[in-house]
Amino acid sequence: MKRTVPLIITFLTGTFLVMSFFVPHAPFGELEQRLLVWYAIVAGFTMLLGVDSLIRAHARKVARVREGWGFSLALLAGLVATVIVGVIGRVQFGSPFHIQSPFMFIYTYTIVPLQATMFALLAFFIASASYRAFRARNWVATLLLVSAVIVMLGRIPIGAAISQFFPVAQEWIMDVPQLAAKRGIQIGAALGAVSMSLRIILGIERSYLS
Amino acid sequence: MVSIDFDATSAPELMPMLRSVLRQAFAKDVKVIMLGHIAIGLPLGHTALEEVAAEHDAEYGVDYVNLGYRPGYIAVMIAMGREIEDIFRTDYQGTPIRDMEITRDVHSYADIDLLFGFEHGAVIDYWVRYAQARFHQKMTFGTTAVMAPDAYPYLQAGQIEGLGTRGMPAQQWGHLLVIGFIVLGNLGYYFTKGKRKRSGETA
Amino acid sequence: MGSLGMIIGTWLAGFLTLAILSFLYKDNPFYKLAEHLYVGVSAGYWLIYVAFFDVEPMLVTPFMEETGVEKWILIVPAALGIIMLSRWFPKTAWLSRWPIAFTVGVGAGLGITANLQGYVVPQVQATLLPMTGFNLVSLNNLILVVGVVTTILYFYFSKAHKGVLGVTAKIGIVFIMVSFGASFGYTLMARISLLIGRLYFILTDLLRVID
């Protein structure tokens, strides 16, 4: 029950979807469509996994007044407030993200700046990392560095002002060598994904059951 | 059809692109159907859509619509190749898509002239591999600079029609980008012009 | 939203932006507060999304509107979804393997055909380019073919990189490094652009130094 049933479910859905790809007409096509819609529905629920442990952990911290409980309280307050304004938006405007919904206020003035700034921090880290790590230690690293510099200079007006070489070289790098490598890597990855999918369907790969 | 596949982390790069593409569309009376696969970014797309639509006096449900978001993007993309209503029975506000002029007769990719995706992650790969390959939907993408190198092979192989990036490091060059996108928008428009006339102006 | 709301919102956004940026100096309570708020608000956001972009339009509305088989069959995905949540409780967690097995099976089944039809076949086709004599186009086409083949061979680890494979792997690494360099260049430009975006927000919307 605990292992066999899931393996059978995976095998059946997997093989069926490969089959219905080649035989898209009735009844395969209709059944495939139904499975796809179900998949979309179930996929939504996976987003809820983790929310419970988040709430539990921080609620415990607040209840026991542990160190940093104030931050946990802020976290929970943010969560509850967002849910409340979301529901208000749904009831009042038909959707939480109607342009006048209070949910959009929270979105625009908290989620957007928080997410964007967190990510902007990376600018500093990547700059300092590149300063430290990307030194022309050997010919391979030099190649990487030269390529990066040419590409950057080729894409900003200053580069073209220095020499017409940069935009031309930039284009060539993007269209020929870098494209070739990206394609090689991606073909390898795609074939890897295919073999992994086969292993999953056939029940050889079972790590998702843990 | 416009797909919002980015969030606030890429907004400085992709929002100007999105706005200029939407402006192009409304100026040329191309219908816009919006949806998105990155839930946490979709409201950004919605804000831009409402903003640009207001500039052009476009009417919701007639000139543009926002379908919203559904989980499970692979399944959503493939199911839309057969019947969009199976996935998006209603728009983001719960209005049935069959009750709106713009989507009344839209059933699958066959009724969509061009998909314009704004991408900051792997969703572009899913669009190409799951929807373009299987249903031959014409696609053009605006990507972040990070994603652009990865997308070049698609362009060279003719799997996608166009690719745009911002890649310019400062706000003062924003206007250059707009010019670039106007050119790109026009190219996209040019390539789909014949088809659009036949199928009644839907993009 | 009224203009007062916008002013409050802008100041809130400004405070949060600065609170996060303050991490550059060192970890501090303002950063911690902003970080916790971010996690909480995001979690709330997901709950709202699942409710109003999944459960309501894909389960509740069709259940109200449909009749007969189409109505009752919705119990299957609803049950799968609810069983997924059995993970919340250690005793019943094993049950969640059923819906997970379903999603994994669908993903694997779709992935096989999509990766072959959508990537391997068209990309290999696009690599088989003509050589039309001694000119620049032919040269570039040749470089492209060599690049793709040697890159794939570089990642072939089943045999030691010696002899012929050693040579191709050496050529492969050249292409890979140029490619990583290009990606790195693009990424760096994007990150800088993002940072400028946030500084621009502080200077224009918040402080109105620049207009």
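Throughout this passage, buried means under 20% relative accessible area, exposed means over 50%, and partly exposed is in between (1.4 Å probe, protein chains only). By that scale, Asp57(B) is exposed because its relative accessible area is 71%. The model is predicted, so local features need pLDDT of at least 70 and side-chain atom pairs count only at pLDDT 80 or more, while totals for chains, interfaces and linings use all residues. Residues are numbered from 1 along each chain as its sequence is written, chains are lettered from A and ligands numbered from 1 in the order in which they are written, and side-chain values use heavy atoms, with hydrogens and water left out. Helices (H or I, at least four residues) and strands (E, at least two) are DSSP runs, numbered from the N terminus.

Two strands are said to pair if DSSP finds at least two bridges between them. Strand 1 (residues 2-5) of chain B pairs with strand 4 in the parallel sense over four bridges, and here Ile4(B) stands opposite Phe118(B). Strand 4 of chain B also runs parallel to strand 5 (residues 139-143) of chain B, to which five bridges join it; in this pairing Gly117(B) stands opposite Phe141(B). Between strands 4 and 5 of chain B the chain passes through helix 5 (residues 123-135), making a right-handed β-α-β crossover. Right-handed here means that, with the strands pointing away from the viewer, the path from the first strand over the helix to the second runs clockwise.

Ile38(B), in the loop between strand 2 (32-36) and helix 2 (42-55), is buried, with a relative accessible area of 18%. Ile38(B) and Gln24(B) are 14 residues apart in sequence, and their C-alpha atoms are 24 Å apart in space. The exposed Asp57(B) is found in the loop between helix 2 and strand 3 (64-69) of chain B, and its phi is near 50°, a positive value in a residue other than glycine.

Chain A has its own backbone details. Val65(A) likewise is not a glycine and has a positive phi, of about 50°; its place is in the loop between helix 3 (51-63) and helix 4 (69-93) of chain A. Val65(A) counts as exposed because its relative accessibility is 54%. A cis peptide bond, with omega of about -5°, joins Ala26(A) and Pro27(A), and Pro27(A) lies in the loop between helix 1 (4-22) and helix 2 (28-46) of chain A. Helix 9 of chain A (residues 177-201) has 25 residues and reaches 36 Å from its first C-alpha to its last, close to the expected 36 Å. That expected span is 1.5 Å times one less than the number of residues. Just after helix 9 of chain A, Gly203(A) takes a positive phi of about 80°.

In chain C, Met131(C), Leu136(C), Leu139(C), Leu142(C), Val146(C), Val167(C) and Ile171(C) make a nonpolar surface patch of about 610 Å². Helix 6 (136-154) and helix 7 (163-206) of chain C are the elements that give two or more residues to the patch. Helix 6 of chain C gives the largest share, four residues. Leu142(C), which lies in helix 6 of chain C, counts as partly exposed because its relative accessibility is 42%. Patches are made of residues with over 30% relative accessible area and no salt bridge, with like charges joined within 9 Å and nonpolar side chains (Val, Leu, Ile, Met, Phe, Trp, Tyr) within 5 Å. A salt bridge is a side-chain nitrogen of Lys or Arg within 4 Å of a carboxyl oxygen of Asp or Glu. Accessible areas come from the Shrake-Rupley method with a 1.4 Å probe, and for residues only the protein chains shown count as cover.
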